[in-house]
Amino acid sequence: MDNVSAELSKYRLKKAAEELEIAKKLFADNYFAKSLNSSYYSMFHAIRALLAFEKVDSKKHVGLINFFNNLFIKTNKIQEKYFTFISKAFNIRMQSDYKDFYVATKQDAERQIQIAEMFMEMVKDYLFKYLGN
């Protein structure tokens, strides 16, 4: 394990945590669509924290999600439900950002925050095992 990858991973995990906190604040202020967006970005940056050790990245979100699937899900390092979580979150984010008249509900935003929290815990647990600290 190299130090650069570890530092990059920690930085990305910090960004993920910040996005999760932003999602919670937006939710509390009834900005449900924006909360969904930040919940997704929390998971997105958490994936990038994992990928720091694989020395891969992508400028496209779909590419990053595919790396996650190929390197962690298909190899059984991480449970398949997490691929489902990020895939659904990405689709919701796309609809919320680009679909006219998309209505984000309080329940959707609350559920997405819960999923993002589970996702973050899974990534932290995985990295703890990987980093050993």
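The legends below describe close-up views of a predicted model. Residues are numbered from 1 along each chain as its sequence is written, and side-chain values use heavy atoms, with hydrogens and water left out.

**View 1. Packing of helix α1 against helix α2.** The axes of α1 and α2 come within 8 Å and cross at roughly 165 degrees. Axes are lines fitted to C-alpha atoms, for helices over the stretch in contact, and angles run from 0 to 180 degrees between N-to-C directions. The angle makes α1 roughly antiparallel to α2, on a scale where angles under 35 degrees count as roughly parallel, over 145 as roughly antiparallel, 65 to 115 as roughly perpendicular and the rest as oblique. The crossing of α1 past α2 is left-handed, a term for a near helix turned anticlockwise from the far one by less than a right angle, with clockwise giving right-handed. Helix α1 contributes S9, R12, L13, K15, A16, E19, L20, I22, A23, L26 and F27 to the contact, and α2 contributes F32, K34, S35, S38, S39, Y41, S42, H45, A46, R48, A49 and L51. Contact means heavy atoms within 4.5 Å. By class, the residues of this contact are 12 nonpolar, six polar and five charged. Here Ala, Val, Leu, Ile, Met, Phe, Trp, Tyr, Cys and Pro count as nonpolar, Asp, Glu, Lys and Arg as charged, and the others, Gly among them, as polar. Helices (H or I, at least four residues) and strands (E, at least two) are DSSP runs, numbered from the N terminus.

View 2. S35 lies in α2, which spans residues 32-51. The relative accessible area of S35 is 0%, so the residue is buried. Buried means under 20% relative accessible area, exposed over 50%, and partly exposed in between (1.4 Å probe, protein chains only). With neighbours within four places in sequence left aside, S35 is in contact with A23, L26, F27, A109 and I113.

**View 3. Packing of helix α2 against helix α3.** Helix α3 covers residues 61-73, and its axis comes within 10 Å of that of α2, at a crossing angle of roughly 55 degrees. With that angle, α2 is oblique to α3. The crossing of α2 past α3 is left-handed. On the α2 side the contact is made by Y40, Y41, F44, I47, R48, L50 and L51, and on the α3 side by H61, L64, I65, F67, F68, L71 and F72. These residues divide into 12 nonpolar, one polar and one charged.

**View 4. The salt-bridge network of R12, R48 and D57.** A salt bridge is a side-chain nitrogen of Lys or Arg within 4 Å of a carboxyl oxygen of Asp or Glu, and by this rule the count comes to six. R12, R48 and D57 are linked in a network of such pairs. The N to O distance is 3.3 Å for R12 and D57. R12 lies in α1 (residues 3-28) and D57 in the loop between α2 and α3, so this pair ties together parts that are 45 residues apart in sequence. For R48 and D57 the N to O distance is 2.8 Å. R12 is buried at 6% relative accessibility, as is R48 at 15%, whereas D57 is partly exposed at 36%.

View 5. The side chains of R93 and D97 form a salt bridge with an N to O distance of 3.1 Å. Both residues belong to α4 (residues 81-98), and because they are four residues apart, about one helical turn separates them. R93 is buried, at 7% relative accessibility, and D97 is partly exposed, at 34%.

**View 6. S5 in helix α1.** S5 lies in α1 and is buried, with a relative accessible area of 4%. Not counting residues up to four places away in sequence, S5 touches A52, F53 and K55.

**View 7. V56 in the loop between α2 and α3.** V56 lies in this loop and is partly exposed, at 23% relative accessibility. Apart from neighbours within four places in sequence, V56 is in contact with L51, F67 and L71. V56 and F67 are 11 residues apart along the chain, and their C-alpha atoms are separated by 7.8 Å.

Terms used
This is a predicted model: local features need pLDDT of at least 70, side-chain atom pairs count only at pLDDT 80 or more; totals for chains, interfaces and linings use all residues.
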